Amino acid sequence: MNLIAFYVFALLIVASAITVITNRNPVASAVALAFNLVAIAAVFMLLDAQFIGLLQVIVYAGAIMVLILFVIMLLNLREEARAHPAGTFQRVLGPLATLVFAIVLGRAVYASAPSSFPEAAAGFGTAGSVGKELFTTFYYPFEAISLLLIVSMVGAVLLAKKKLS
Amino acid sequence: MLKLIGLIPVFPLVGVIVNGLFGRRLSRQAVGIIGCGVVLASLIVSAGAVLELSKLPPDARYYETSFGPWIPMGPVGAHGEAVTIDWGFALDPLSAVMILVVTGVGFLIHVYSVGYMEHEEGFARFFVYINLFMSMMLMLVLGSNLLVTFVGWEGVGLCSYLLIGFFYDRPFDTRTGLTCADAGRKAFLVNRIGDFAFVLGMLYLVTQFATLHYRTVAGAVAQAGDGQHALLVAVGLLLFIGACGKSAQIPLYVWLPDAMAGPTPVSALIHAATMVTAGVYMVTRMSGLYVHAPEAMLVIAIIGAATAVFAATMGITATDIKKVLAYSTVSQLGYMFAAAGVGAWTAAIFHLMTHAFFKALLFLGAGSVIHGQHGEQDITRMGGLRAKMPVTFLTFLTATLAIAGIVPLAGFFSKDEILWGAWSSGHKIVWGALAFAAGLTAFYMFRLAFLVFYGTYRGDKHTFDHAHESPASMTVPLTILAVLSAVGGLVGIPAALLGGKDVNVFHHWLEPVVGSGHAAVEGAGHGGSQELALMGVALAIALAGIGLAWLIYRRNALSATTIAGRFRPVYTLWRNLYWVDELYEAAILKPFYAVSRFAAGFDRWIVDGLVNASGVVTDIVGQLLKLFQTGYVRNYALLFLMGVTAILVYLAGR
Amino acid sequence: MIDPRLVLLLSAVLFSLGVAGVLLRRGAITILMCVELMLNAANLAFITFARLKGGAEAQIYVFFIMALAAAEAAAGLAIVIALFRLRDTTDVDEINLLRW
């Protein structure tokens, strides 16, 4: 049962990813990305990481994608043109390099894992267990990342302001 | 006063600084007073110091002072002892003679120069250079070790260059188109060859025998083993080659005739009385070494004698008054070296002293003649000047008699002692050559005197009418030098002349320094009658030379041109100076120029080429690399990817 | 049941797709979205290993990555806006002044 669900979601993930990278309409890409993110959240759930899956939906699909869509709307982007002034070099070598990369990565990754999951520990992936770990061992990184978020916020505001004349 | 000997070379430096910095703004009188005054100061201190020295017992006549250590050399020599070379100055009988000659004759020439250079440009510059020369020469002579002497040696070489090329733009040799500056350069370069040998000699000496100090050299050398004998001879020869350069012996004499491009006082001071005698002084100083290297001494004697004859032949046919005197100087220096070579050290220094007197006098007299004729130097265009320039004439004649070796003038005694030294030490061939040269000397010197002062004037009438005697500043030094040329020899009268009574003051004075050398000659004894006989022979030869010159140039009984015609090849050989300069040019200089041109080309094309090439290569590589900077972010991302892939492959492969 | 290796393979594929998108697309925002794809692929891999290993450590890494992605998206989009105001285009190939 889980296996079938996994295959379905995997298919959805790949399909939506391909849409993201091929569709010329930026809005379509954005929506496809959102779809992708939700599917990934589903896979997280399948792997018993409930808290993280939830976070994925709320933060990623809910906040980040919305932000992106807002900006697309703000800038009123149309469809992208097709021609590549980046040159033959890019057009030929790009897909080639990506292919090579994919093969290498795939093989490396395939060899690094066993063929089945062990039993999940009790309480694995719950908010409680994650939270406990977060606020004890990873306390300082946690504070640091909140600082980072503030800095990023301030930076974004500053960068996007209209001219300060 | 002895404690002040360190100041003797310093006084003229004061003159250098004052005249060098302020000379242009001072009056000529002031410059002259300063220039001569500092030399007078050196003279006074020298005289006082020598006086004090003479009051000491003969064995203790040595005083040394030092300005401090100079080169700490660490362990050198066969036993690895540490040696430090000082800025040392020492006074002993030998250097006493030298400083008196240098400061005395030097002072007279300085005074003369005030008159001679009166109308010339660069008056102050002249005195700066000539004072610097005095300082360096005194350092050379007073140095307590070879290295301090060498500093002075180089310094006088520099001053010689500066002073020969004093009138730097004036053309000197119409035949070759050289200027006086070129003559100065020739002097410097030829000297350099000798200096190179000198340095090598010093290096061998210090690394093998661990000393350059004169007092210890004799002892160190005496201790040398048999295996080092060849090295000793090598050192002796190397130092002698240095002396050849400085004192114009074969084969390094070629600069001295061309050095006549300098003002006449310079020729008198540097190229007659003092600088060229530095070689003789140095060889005598190192007598302690040379007595252990008889092969080297033989070489010295042979070259000295050969040079004496060789140069005299060239003097016979020369027509420039200064050139005749220049060849004469080379010849007389040959005498001094021949004396040193046979072991008659005292005779060498004696002749050095008397030669300083009469040769300086001859040059100054020539200068007076030239000055009075407003620049004429060709003796074929002179004549009959004795009425016009009486003082010059009389003093010149005195010097000519002295150099010809006529008793009782100075040259007779000194030349005679050399001849006796050669004969009694067994070097009969050397004696023969020197005796022959004595005849030649008498001949060409009187030829000079007759052509310049007697007969009728052969030049421009206008010049003759305006010819005049020189001012007192020039004639007074002439007179003083004439007196010295006349009586200066009396300090060295050989015992044989006085029936065995030994009043040879000079010989006794120098004995503590070179005594061991002279002993070889002494041992043969002043065999009274043999010596007298030889004196007679020498006198006869001199009179014969004078007689021949009288016949040809005064009486016109024989015609010079006819004789020249009869012996045409010999005459041409002498007149063209044996084509030695041309030989050097072809055999040495031309290949050298070729090598230099090659080196210059190599430097320009290959060395510079390599440097330029590296620049060009860098540029090309840069041009290639810049193609990566397209400005497109996506290209950069692609490069990232390729890099990451490479890393992944590497990591996955392990 | 689910083969971890398959999940990881999925992650690799997703990542490669993201890389392809970055290299081939011209719009700045689209490129940003492809970067998000890559980040998510990484997250997937992390979760897989978390599940394999047990413990909450890897999940916390994912947590941080998400926070970072948020910060980066905000800043990046602000830059795109500023750039748009300057050049009136989001075409990345138009921003090429730093060329030789």
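A salt bridge is taken here as a side-chain nitrogen of Lys or Arg within 4 Å of a carboxyl oxygen of Asp or Glu. By this criterion, one salt bridge is counted between chain C and chain A. The structure is a predicted model, in which local features need pLDDT of at least 70 and side-chain atom pairs count only at pLDDT 80 or more, whereas totals for chains, interfaces and linings use all residues. Residues are numbered from 1 along each chain as its sequence is written, chains are lettered from A and ligands numbered from 1 in the order in which they are written, and side-chain values use heavy atoms, with hydrogens and water left out.

The salt bridge between chain C and chain A joins the side chains of C:Arg51 and A:Asp48, with an N to O distance of 3.1 Å. On the side of chain C that touches chain A, the elements giving two or more residues are α1, α2 (28-53) and α3 (57-87) of chain C. Of this side, α3(C) supplies the largest share, 24 residues. Helices (H or I, at least four residues) and strands (E, at least two) are DSSP runs numbered from the N terminus. By class, the side comprises 48 nonpolar, eleven polar and nine charged residues; Ala, Val, Leu, Ile, Met, Phe, Trp, Tyr, Cys and Pro count as nonpolar, Asp, Glu, Lys and Arg as charged, and the others, Gly among them, as polar.

In total, 68 residues of chain C are in contact (heavy atoms within 4.5 Å) with 83 residues of chain A. The size of an interface is often given as the accessible area lost when the parts come together. For chain C and chain A the buried area (accessible area, 1.4 Å probe, lost by two parts on being put together and summed over both) is about 6,900 Å², with 78% from carbon and sulfur atoms.

C:Ser16 lies in helix α1 (residues 4-24) of chain C. Beyond its neighbours within four places in sequence, C:Ser16 contacts A:Thr98, A:Phe101 and A:Ala102. C:Ser16 counts as buried because its relative accessibility is 7%, the class being set at under 20% relative accessible area, with exposed over 50% and partly exposed in between (1.4 Å probe, protein chains only). The C-alpha atoms of C:Ser16 and C:Ile2, 14 residues apart along the chain, are separated by 22 Å.

Between chain B and chain C, twelve residues of chain B are in contact with 13 residues of chain C. The area buried there is about 1,100 Å², of which carbon and sulfur atoms give 61%. One salt bridge is counted between these chains, formed by the side chains of B:Arg634 and C:Asp93 at 2.5 Å, N to O. Three residue pairs are in polar contact across this interface, both at pLDDT 80 or more. Helix α26 (residues 633-653) of chain B makes the greatest contribution to the side of chain B that touches chain C, with six residues. That side holds seven nonpolar, three polar and two charged residues.

Chain B contains 26 helices and four strands, and 54% of its 654 residues are buried.

Key
Polar contact = N/O pair within 3.5 Å; in protein donor to acceptor, adjacent residues only side chain to side chain.
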